[in-house]
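The sequence and structure are shown first.

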Amino acid sequence: MDTFEVIRTRLSVSTFSEKQVPKEVKREVLEAARLSPSGLNSQHWRFILVDGRENLKKLAEMSTTGKWVAGANFAVVVLTNAEYPFHLLDAGQAIMSMMLAAWNRGVASRIFTGFDQKSMREFLELEQNEEAQRLSITVVVGFGYPTKKIIGKKNRLPLEKIAFYQRYGQPITQALS
Ligand SMILES: Cc1cc2nc3c(=O)[nH]c(=O)nc-3n(C[C@H](O)[C@H](O)[C@H](O)COP(=O)(O)O)c2cc1C
């Protein structure tokens with residue numbers, strides 16, 4: 001798919017089909033994360049692939065805003081080092097790379113940020129690893145084939161409301177028409 005088309009049509013999905021996502025697509029999703037830029041090229045992020053119905057149900061139990069992950073085909077937990085002031089930007093770059101790479105293969109996704117950090121740390125065995133002890137769980141991304149046809153219609157503000165030309169408040173239309 002054309003890059004802009006992938007961006008235009010991607011939507012957050014929270015109901016997924018039972019169809020298995022092939023391993024090569026999972027690899028591509030993780031590669032997309034690995035290839036993402038990070039501040040100072042610090043690459044402090046780490047990614048944990050979680051799959052299997054029981055594991056995904058456990059993630060859902062620990063979540064407050066992502067119960068839907070129980071029905072995903074797989075999830076990627078994104079860990080970042082919060083000592084970098086830009087760590088959330090880095091997470092955002094990697095997350096969007098993964099979501100777009102997945103959607104390019106017809107695999108939908110959604111993120112959640114509401115979860116019990118302590119129990120998820122235990123579940124992922126972060127405290128058993130010296131490197132992981134310094135990392136925070138930033139987000140969980142759930143992936144899977146959608147159950148419904150995605151029409152790509154987004155609920156967004158118009159461009160004129162959010163983008164300006166030269167100075168805040170000056171209409172962008174001057175520059176684009
Ligand atoms: C920073 C951020 C946090 C989000 N947290 C959650 C969340 O905790 N649970 C959830 O179901 N969706 C979450 N979402 C998904 C948004 O609700 C969704 O992206 C937004 O409504 C726009 O819809 P779209 O992605 O379909 O275009 C989050 C999205 C972002 C960017």
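Ala-94 counts as buried because 27 other C-beta atoms lie within 10 Å, where 20 or more are required. The model is predicted. Ala-94 belongs to helix H4, which covers residues 87-104.

Apart from residues up to four places away in sequence, Ala-94 touches Ala-33, Ser-36, Trp-45 and Val-78. Ser-136 is 42 residues from Ala-94 in sequence, and their C-alpha atoms are 15 Å apart in space.

## Overall architecture

Eight helices and four strands make up the secondary structure of the protein. Their order along the sequence is α-α-β-α-β-α-β-α-α-β-α-α. Along the principal axes, the C-alpha atoms fill a box of roughly 55 × 40 × 30 Å.

The protein has 177 residues, of which 29% count as buried. Among contacts with a separation of 6 or more, 76% join residues 24 or more positions apart.

## The four-stranded sheet

The four strands form an open sheet in the order S1-S2-S4-S3, with antiparallel pairing. Strand S1 (46-51) and S3 are the edge strands; each has a single partner strand, so one side of each lacks a neighbour in the sheet. On average, neighbouring strands are turned by 25 degrees against each other, direction ignored.

The antiparallel pairing of S1 and S2 extends over six bridges, and Val-50 stands opposite Ala-75 in S2. Helix H4 packs on the sheet, where it touches S2, S3 and S4, and its direction makes about 10 degrees with that of S4. Helix H3 lies across S1, S2 and S4 and runs at about 115 degrees to S1.

Is strand S3 buried or exposed? Five of the five residues of S3 (residues 108-112) are buried, so this strand is largely enclosed by the rest of the structure. In a regular strand, side chains alternate between the two faces of the sheet. In S3, Ala-108, Arg-110 and Phe-112 point one way, while Ser-109 and Ile-111 point the other way, and all are buried.

The pairing of S3 with strand S4 (residues 136-144) is antiparallel and involves five bridges. Within S4, Val-140 is the bridge partner of Phe-112.

In soluble globular proteins, nonpolar side chains tend to be buried together. The largest nonpolar core of this protein has 39 residues, and those with the most contacts inside it are Ala-75, Val-78, Ile-95, Met-98, Val-140, Val-141 and Phe-143. At least two residues of this core come from each of helix H2 (23-34), helix H3 (53-62), strand S2 (74-80), H4, S3 and S4. H4 supplies the largest share, eight residues.

Ala-75 is one of the core residues with the most contacts. Leaving out residues up to four places away in sequence, Ala-75 touches Val-50, Leu-56, Leu-59, Val-69, Val-140, Val-141, Gly-142 and Phe-143.

## Met-62 and its partners

Met-62 lies in helix H3. With 21 other C-beta atoms within 10 Å, Met-62 is buried. Which residues does Met-62 contact, leaving aside its neighbours within four places in sequence? They are Phe-115, Asp-116, Ser-119, Met-120 and Phe-123. Met-62 and Met-120 are 58 residues apart along the chain, and their C-alpha atoms are separated by 6.5 Å.

## The ligand shell

The residues that surround the ligand are Leu-11, Ser-12, Ser-14, Thr-65, Gly-66, Arg-110, Ile-111, Phe-112, Thr-113, Gly-114 and Lys-154. By class, this shell has three nonpolar, six polar and two charged residues. Arg-110, Ile-111 and Phe-112 of the shell are also buried residues of S3.

## Loop residues with positive phi

Asn-41 is found in the loop between H2 and S1. Its phi is near 55 degrees, a positive value in a residue other than glycine. Asn-41 counts as exposed because 6 C-beta neighbours lie inside 10 Å.

Glu-125 occupies the loop between helix H5 (117-123) and helix H6 (130-133). Although Glu-125 is not a glycine, its phi is positive, at about 55 degrees. Glu-125 is exposed, with 10 other C-beta atoms within 10 Å.

Technical notes: Residues numbered from 1 in each chain as written. Predicted model: local features only at pLDDT ≥ 70, side-chain atom pairs only at ≥ 80, totals over all residues. Near = placed C-beta within 6 Å. Nonpolar A, V, L, I, M, F, W, Y, C, P; charged D, E, K, R; others polar. Buried ≥ 20, exposed ≤ 12 C-beta atoms within 10 Å, placed from the backbone. Contact = placed C-beta atoms within 7 Å. Pairing = 2+ DSSP bridges. Core = buried A, V, L, I, M, F, W, Y, C linked by C-beta atoms within 7 Å. Axes fitted to C-alpha atoms, helices over the stretch in contact; angles between N-to-C directions.
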